[in-house]
Amino acid sequence: MERREVSFRIYRYNPQVDRTPFYDNFRIAVEKGITILRALNHIKEHLEPRLTFRAFCQAGICGSCAVRINGVSRLACTTQVWDLLTGSGDETILIEPLDNLEVIRDLVVDINPIMEKLKRNYSWIRPAIPEEEMGRKEHIVSDEEFETINASSDCILCGSCYSECSMMAVNRDYISPPVLLKTFRMNNDTRDTFACERLREVTTDDGLWDCTHCYKCTEHCTKKIPIMDGIHRLREEAFERGMTQTKGARHAQAFFDDIRDIGRLREVTLPLRTKGVLGSIGMVPLAVRMGLKGRKPPLLVKRIPDIERVRDIYSRLEANRGES
Amino acid sequence: MEHKYDIVIVGAGGGGLFAALEAVRTNPRVSVAVISKVYPTRSHTSAAQGGVNAALGNKDRDDTVELHVFDTVKGSDYLADQDAVDYLCSQAPSVVRELENLGAPFSRFPDGTIAQRPFGGTVKDRCCYCADKTGHTLLHTLFEQCLRRGVTFFNEYFLLSLEHADGDCQGVITLNMATSAIETFVASVVILATGGHAKMYWNRSSNAAGNTGDGQAAALRAGIPLKDMEFIQFHPTGLRKSGLLVTEGARGEGGYLLNRHGERFMARYAPQKMELGPRDLVARSMETEIIEGNGFESDAGSYLELDLRHLGAGAIKKKLPQIRELSMHFEGVDPIEEPIPVRPTAHYSMGGIDAAMARTAIRGVYAIGECACISVHGANRLGGNSLLDILVFGKRAGQEAALEAPERKVHGITPAAVRMVAHEIRSYAGHERYERYGIIREEMGKTMGDNVGIYRIEGRLRKGVDEIQSLRERFRRIRLFDTGTVFNTNLIQILELKNMLDLALCVAVTALERLESRGSHYREDFPRRDDEAWHRHSLCTMGGDGEMSLNHKAVTMGKYSLETRSY
């Protein structure tokens with residue numbers, strides 16, 4: 001069996017004794033086929049019993065052991081050490097806790113914020129069937145209807161997308177990708193009766209419209225769920241349900257209109273159209289600061305020469321609505 | 001800190017969550033708390049892949065509850081209590097529909113009804129499923145509904161002790177893992193739903209690291225007998241290296257088991273059902289093949305192959321996506337291209353807390369799911385019956401608890417009981433101690449696998465009993481190296497090991513005592529079932545000195561009388 005010496009550089013922090021976090025190095029011989037979790041267990045059992053991390057099923061289905069490995073959030077139990085080796089002389093693997101959540105100790109983070117957000121955003125089915133009739137008959141659900149929600153029901157709430165999300169990094173109150181995914185899963189379940197109220201809740205501040213489309217959630221999903229597709233679908237649903245008067249929806253509509261009309265964005269009037277007159281007043285200091293730094297959007301924006309080609313794209317998209 | 005609730009549920013897997021949900025639905029005025037050592041969606045219910053049995057008749061129109069009862073009783077090798085099995089199977093269609101009604105995303109037939117597939121040891125195709133993530137989706141559905149109902153959760157609390165006064169439930173003592181504070185929960189009703197204990201086989205187990213039988217051990221110490229502990233199910237298809245599970249659904253969908261001669265050897269052991277014989281029979285046949293030299297050899301031990309290639313890439317991707325992922329992650333094998341290397345792995349504990357229709361010997365204490373032995377699985381559980389067990393008895397316990405709790409009086413938990421538990425925890429950090437957790441645990445897993453495994457014989461079983469006894473002795477000198485109070489996982493490991501060692505002794509002594517072969521319990525020196533002497537449940541109780549004493553209990557019979565079991 002192939003073996004190699006590998007260093008594990010692990011984030012350590014015990015609030016009881018450490019004033020600040022630090023990194024510990026453990027050098028161990030690793031066999032081919034060993035996962036990061038097996039390596040962590042080895043270190044805990046043979047070198048440092050105080051090393052603290054969560055792990056449970058060891059099979060990639062419970063979601064306990066998500067950590068950042070070489071800066072990327074993934075499950076320790078399904079990540080092979082061998083796949084991370086570079087072949088260079090000094091092999092070091094960096095292990096850190098998930099981002100955007102408070103560290104309790106070492107690699108253990110507080111995941112209660114995720115649970116609280118699930119709760120606040122009605123992340124459950126409200127069935128049409130009255131209580132007393134439960135269990136009497138099944139809903140008829142087509143295979144297509146099942147397939148629509150199939151991938152989204154794979155979510156194991158491991159928190160990897162929460163950790164990778166670039167919006168979470170600047171706003172801890174942001175609804176977060178796993179909660180939006182749950183919203184998508186519930187709102188596209190033909191058995192649910194609460195879609196409208198749920199969507200209204202997720203389109204409030206710090207909600208659906210704050211996503212910046214960085215796609216990191218999808219890229220790093222440990223179950224390969226196309227989370228971003230779900231978020232896009234929810235935005236379409238918001239328009240379909242006429243929820244067009246939120247800041248986010250108006251912002252999206254302004255982009256849509258500008259590109260269709262002149263092929264580029266009218267930045268100066270964007271805040272006015274998104275936030276309204278009163279909302280925009282608060283933006284003045286920001287505009288001044290931007291101006292001082294030389295960031296001055298043009299007051300008059302000309303239509304681009306080939307606007308017909310842009311409009312052609314619009315009409316083709318319009319014709320193919322619903323297909324993806 | 002002292003908490004007070006009408007009902008405290010220990011364990012947040014499918015059974016615990018359904019009990020909580022049902023309790024608040026039945027009686028909104030009772031206060032309910034769920035205590036769990038992991039966040040609810042981490043529970044091991046999530047790992048159940050294959051499905052849940054219910055005679056819905058969506059596939060085989062002529063399927064009935066009676067046939068489901070018959071399959072279950074026969075599968076149990078006639079050790080199941082038939083009143084409990086009747087209840088289990090008769091409730092199956094309604095609980096499965098109820099989970100569907102609450103949002104569980106079941107796979108569907110073209111006509112839009114819940115899809116059903118064949119499973120081992122059954123005469124009809126009645127296993128309802130959601131791809132190969134059935135347990136995961138049921139667990140999440142129940143968790144979502146508990147959030148909807150505002151159920152109170154105490155996550156990452158570890159059960160230390162079950163308290164009663166003269167046989168009346170008083171509540172539980174727990175450890176808050178985030179702070180290491182001892183917190184008591186005074187409750188007139190406690191429902192134990194802590195899952196199985198097959199992790200005592202450690203590396204030769206499909207179980208999660210935390211399936212350490214905490215509720216069983218607490219019940220044992222509180223004086224409740226454990227029943228039929230010798231019956232441990234070995235699942236035929238564990239992955240060669242890790243013991244992780246490949247669902248029976250893979251054979252249900254048509255997978256072949258092959259030896260190194262490329263032979264479908266099950267033809268020699270179960271000519272009718274082939275790969276879909278019951279789990280005990282298939283696991284034993286595989287072990288025989290390996291012993292007789294028909295297995296493949298590798299650094300990670302001998303193995304056989306599970307071949308899915310003939311199912312085609314489409315079917316594998318659609319119906320067994322997780323299996324494909326697991327094989328690729330843990331064995332580096334894509335089942336579309338190559339057969340999966342497998343061997344039997346300890347998987348399920350049929351035995352557990354003695355409970356009659358979920359009620360235990362302590363008034364106000366219920367036990368449900370894998371931690372309990374309500375005796376619906378007898379000597380061998382059928383695939384697809386464990387998710388059913390947690391749903392049916394979770395619901396029932398929740399309902400009964402909600403009605404019973406307001407009628408009961410509690411005095412509370414005595415300071416002496418709390419002091420005793422606290423003293424024990426402090427003592428682990430003693431400087432004179434030197435035994436290491438990892439070493440004792442490793443030896444426990446090894447002796448259980450070697451001496452109390454699939455094939456059992458007096459000599460090895462005696463060795464197993466002796467070795468577990470001596471490990472328990474060594475445990476008294478185990479050293480807690482982490483003396484911090486914030487999220488001390490070293491302490492949790494030690495507490496779990498203590499539980500596993502007590503339960504391992506129960507398994508070994510009852511296996512030594514039962515002089516027959518029945519279901520998963522196979523004695524090389526007593527290869528036949530002996531109904532005359534052994535058609536009875538075994539009971540195991542622990543004295544104050546830690547010694548086990550054994551007793552027996554009659555099996556409740558019903559419609560089906562004893563018959564030879566062949567497939």
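Which residue forms a salt bridge with Arg172(A), and how far apart are the closest N and O atoms? Select Arg172(A) together with Glu102(A): these two residues form the salt bridge, with 3.1 Å between the closest N and O atoms, where a salt bridge is a side-chain nitrogen of Lys or Arg within 4 Å of a carboxyl oxygen of Asp or Glu.

Before going on, note that this is a predicted model, in which local features need pLDDT of at least 70 and side-chain atom pairs count only at pLDDT 80 or more, while totals for chains, interfaces and linings use all residues. Residues are numbered from 1 along each chain as its sequence is written, chains are lettered from A and ligands numbered from 1 in the order in which they are written, and side-chain values use heavy atoms, with hydrogens and water left out.

**First stop: the domains of chain A**

Colour chain A by domain, taking 3-108 as domain 1, 112-240 as domain 2 and 262-323 as domain 3; these bounds come from an automatic or database domain assignment. The centres of domain 1 of chain A and domain 2 of chain A, taken over C-alpha atoms, are separated by 30 Å. Their contact takes 16 residues from domain 1 of chain A and 16 residues from domain 2 of chain A, contact meaning heavy atoms within 4.5 Å.

Between domain 1 of chain A and domain 2 of chain A, about 1200 Å² is buried, and carbon and sulfur atoms give 51% of that area; buried area is the accessible area (1.4 Å probe) that two parts lose on being put together, summed over both. Now select Ser73(A), Asn100(A) and Leu101(A), the residues of domain 1 of chain A that lose the most area to domain 2 of chain A, together 47% of what that side buries.

The count between domain 1 of chain A and domain 2 of chain A is 1 salt bridge, and there are also 7 residue pairs in polar contact (both at pLDDT 80 or more). A polar contact is a pair of N or O atoms within 3.5 Å; within protein, one must be able to donate a hydrogen and the other to accept it, and residues adjacent in sequence count only if both atoms are side-chain atoms.

Turn next to β3 (66-69) and β4 (72-75) of chain A, the elements that give two or more residues to the side of domain 1 of chain A that touches domain 2 of chain A. Of that side, β4(A) gives the most, with 4 residues. Helices (H or I, at least four residues) and strands (E, at least two) are DSSP runs, numbered from the N terminus.

**Second stop: chain A against chain B**

Show both chains, where 69 residues of chain A are in contact with 68 residues of chain B. Chain A and chain B bury about 5700 Å² between them, with 50% of it on carbon and sulfur atoms. Select Glu45(A), Phe56(A) and Glu138(A), which supply 13% of the area that chain A buries against chain B, more than any other three residues.

Across the interface of chain A and chain B the rule finds 11 salt bridges. Arg149(B) and Glu131(A) form a salt bridge whose closest N and O atoms are 2.7 Å apart. The count of residue pairs in polar contact between chain A and chain B is 40 (both at pLDDT 80 or more). Highlight α3 (143-150) of chain A, one of the elements that each supply at least two residues of the side of chain A that touches chain B; the largest share of that side, 5 residues, comes from α3(A).

**Third stop: pairs within a chain**

Over all chains the structure holds 86 salt bridges. Select Asp24(A) and Arg12(A), which form a salt bridge with the closest N and O atoms 2.8 Å apart. Asp24(A) lies in strand β2 (residues 22-31) of chain A and Arg12(A) in strand β1 (residues 3-12) of chain A, so the pair ties together parts that are 12 residues apart in sequence.

End in chain B at Arg474(B), which is found in helix α14 (residues 458-475) of chain B. Leaving aside neighbours within four places in sequence, Arg474(B) is in contact with Glu435(B), Ile439(B), Ile440(B) and Glu443(B), and a polar contact of 2.9 Å joins the side chains of Arg474(B) and Glu443(B).
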